[in-house]
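Here is a short report on one protein structure. Look at the sequence and the 3D view, then read on.

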Amino acid sequence: MNIILCSTPLAQTAADAVVLGIFANEKPSDGKAPPAVAAADKATDGLLSKLIEREEIAGKKFELTPLLAPPGIAAGQLLVVGLGEREKFNPGVSFRAAAAAAKQLAGKKRKTVAFFLGDTKADQTEAAVAGAIVGCQGQDLYRAEKKRQPFGEILWAGSDEKTLAAGTAIGESMNLTRRLVNEPPDNIYPETFATQAREVAKAHNLACEIWDQARLEKERCGSLLAVARGSAREARLVILRYHGGSPDAPKLALVGKGVTFDSGGLSLKPTDGMLTMKCDMAGAATVLGAMQAIARLKLPINVVGLMGLVENMTGPAAFKLGDVLTARSGKTIEVHNTDAEGRLVLADVLNVALDEKPAKIIDLATLTGACMVALGTETVGAMTNNQPWCDTVLDAARRVGEPAWQLPMTPEIYDEQIKSDVADIKNVGEGRWGGAITAAKFLEQFVHDVPWTHLDIAGPAFLEKPKPWSDGGASACMLRTLVAVARRWK
Ligand code: BES
Ligand code: ZN
Ligand code: ZN
């Protein structure tokens with residue numbers, strides 16, 4: 001989307017709508033409010049002051065108050081969006097407030113929408129720009145009459161070209177991730193995902209390597225391939241490389257779970273649990289989106305993105321309970337549940353990642369329902385073999401305002417639980433308790449000593465219910481965090 005710096009004052013800005021950000025407990029005339037709020041109040045002859053006085057507008061987070069054709073304002077509508085308390089304002093709130101406003105305005109076709117979000121800092125503005133772009137794209141890819149219509153253009157007041165371009169790159173990359181996740185599983189399967197990745201790579205100068213079935217067999221990816229066996233679709237592994245740093249600079253590896261549909265396999269999911277399982281490739285889609293964003297931002301870093309793509313189905317050749325798989329690393333795995341397939345895919349992808357000699361690894365996966373039991377649907381679970389690296393990732397998440405929380409990996413407690421009587425390890429823990437952690441313990445077996453942080457995004461990757469800032473569906477969560485990590489990389 002075209003985002004242009006807005007140079008006209010709010011009252012004179014010719015747009016279909018103007019979005020005005022307002023903090024809680026700030027009056028237009030008290031000298032604290034953003035200048036645009038004071039200007040809008042003055043132009044409308046004190047309309048805002050009056051509405052605040054009468055408590056119609058409180059500035060609460062994501063509160064939306066449309067003022068249609070207000071006198072003194074050139075735009076057709078002034079949409080007042082609450083930003084909450086100024087002290088608590090951060091890029092996370094900023095992203096969601098802009099997305100909420102954009103979502104509401106995108107309910108109709110509009111050519112020009114202007115944002116006067118307030119006297120926000122550059123990181124907050126960047127997040128808001130991304131939010132505005134994400135907010136006007138819905139999940140209704142196949143409805144004849146779309147609920148959301150992206151604007152023709154956005155005007156942005158009080159920023160600079162660089163911030164707007166960065167926010168646009170991030171917002172559009174999030175929409176790429178979201179679209180891939182929201183697409184039906186019969187459109188996005190390993191082969192088509194790989195094709196899309198190749199196109200992204202071509203457009204943004206990333207090196208792209210795609211391993212097909214034959215190559216995966218040659219590479220002895222027995223764990224990943226076992227999951228794919230029940231499907232009519234062949235597996236793929238996509239490797240994207242971005243070289244923004246010097247050739248010998250330490251490399252970051254991003255690894256994504258790309259189960260394009262998770263039926264559960266022979267450990268078949270019930271209908272309710274299966275309905276949203278097109279989202280099980282969100283980890284891979286987020287890696288692809290992040291690679292695109294990092295390339296567009298031209299960050300001075302070397303990154304390799306690896307996406308393991310399979311469909312988990314129940315066809316005649318499907319892998320079975322009791323099967324023993326040999327992973328690429330040589331480890332043998334006894335299968336106790338074919339629905340614990342994500343870790344089997346990642347076991348081999350993490351092993352391929354090690355060949356790249358990365359300094360550090362982050363993996364993203366819609367890995368366990370247990371993580372949602374532990375943390376709810378809005379918080380990402382983080383698990384690690386290296387505390388400083390996890391702290392770095394969590395700090396990035398905090399700075400961009402994405403909720404994430406660490407779960408323990410205590411060896412004495414959890415290491416026992418993935419031991420098998422038949423093979424080196426088994427693919428589930430003892431019983432269902434601590435399932436997010438035993439899944440991470442399994443992955444840990446495949447990263448050796450490389451600092452690694454695992455992000456279980458099962459909850460926040462796909463919103464089953466609408467939120468003020470989203471119609472629901474794919475969220476592209478953690479993409480902004482990955483960009484923040486890449487920006488501070490040393
Ligand atoms: N893809 C699911 C996890 C999931 C659940 C993601 C809900 C998003 C929303 C994963 O492959 C799975 O089925 N995990 C099992 C593991 C169990 C069999 C040990 C689970 O969480 O129940
Ligand atoms: Zn599963
Ligand atoms: Zn899965």
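## Terms and model

Ala, Val, Leu, Ile, Met, Phe, Trp, Tyr, Cys and Pro count as nonpolar; Asp, Glu, Lys and Arg count as charged; the others, Gly among them, count as polar. With these classes, the lining of the largest cavity has 13 nonpolar, 3 polar and 6 charged residues.

This is a predicted model, in which local features need pLDDT of at least 70, side-chain atom pairs count only at pLDDT 80 or more, and totals for chains, interfaces and linings use all residues. Residues are numbered from 1 along each chain as its sequence is written, chains are lettered from A and ligands numbered from 1 in the order in which they are written, and side-chain values use heavy atoms, with hydrogens and water left out.

## Cavities

Rolling a probe the size of a water molecule over the atoms shows where empty space is left. On a 1 Å grid over the protein atoms alone, a cavity is a set of points where a 1.4 Å probe fits but cannot get out; a pocket is an open set with protein on both sides within 12 Å along at least five of seven lines; lining residues have an atom within 4 Å of a point. Grid points are joined across faces, edges and corners, and a volume is the space filled by probe spheres set on the points.

The structure holds 2 cavities of 30 Å³ or more. H3 supplies the largest share, 3 residues. (Helices, H or I with at least four residues, and strands, E with at least two, are DSSP runs numbered from the N terminus.)

The second largest cavity holds about 40 Å³. Among its lining residues are Lys103, Arg148, Arg178 and Trp469. By class, this lining has 2 nonpolar, 4 polar and 4 charged residues.

## Pockets

The largest pocket has a volume of about 1,100 Å³. It is lined by 46 residues, and Leu367, Thr368, Gly369, Ala370 and Met372 lie nearest its centre. Helix H12 gives the largest share of the lining, 5 residues. The classes are 19 nonpolar, 15 polar and 12 charged.

The second largest pocket has about 550 Å³ of space. Its lining has 23 residues, and Glu126, Ala166, Ile170, Val483 and Arg487 lie nearest the centre. H5 gives the most, 6 residues. Here the lining divides into 13 nonpolar, 1 polar and 9 charged residues.

Asp262 lies in strand E9 (residues 251–262) and Asp339 in the loop between strand E12 (332–334) and helix H11 (342–355), so the pair ties together parts that are 77 residues apart in sequence.

The zinc ion (ligand 3) has Lys257 (NZ), Asp262 (OD), Asp280 (OD) and Glu341 (OE) as protein donors, 2.0 to 2.5 Å away. Its 6 donor atoms subtend angles of 77 to 174°, so the arrangement is octahedral. (Four donors count as tetrahedral if all angles lie between 85 and 135 degrees; four count as square planar and six as octahedral if opposite donors are over 155 degrees apart and all others between 65 and 115; anything else is irregular.) Lys257 lies in E9 and Glu341 in the loop between E12 and H11, so this pair ties together parts 84 residues apart in sequence. Asp262 bridges the two zinc ions, which lie 3.2 Å apart.

Asp262 counts as buried, at 3% relative accessibility. (Buried means under 20% relative accessible area, exposed over 50%, partly exposed in between, with a 1.4 Å probe and protein chains only.) Asp339 is partly exposed, at 23%. Lys257 and Glu341 are buried.

Terms used
Donors are N, O and S atoms within 2.8 Å of the metal (3.2 Å for Na, K and Ca); water is not among the atoms, so sites may look incomplete.
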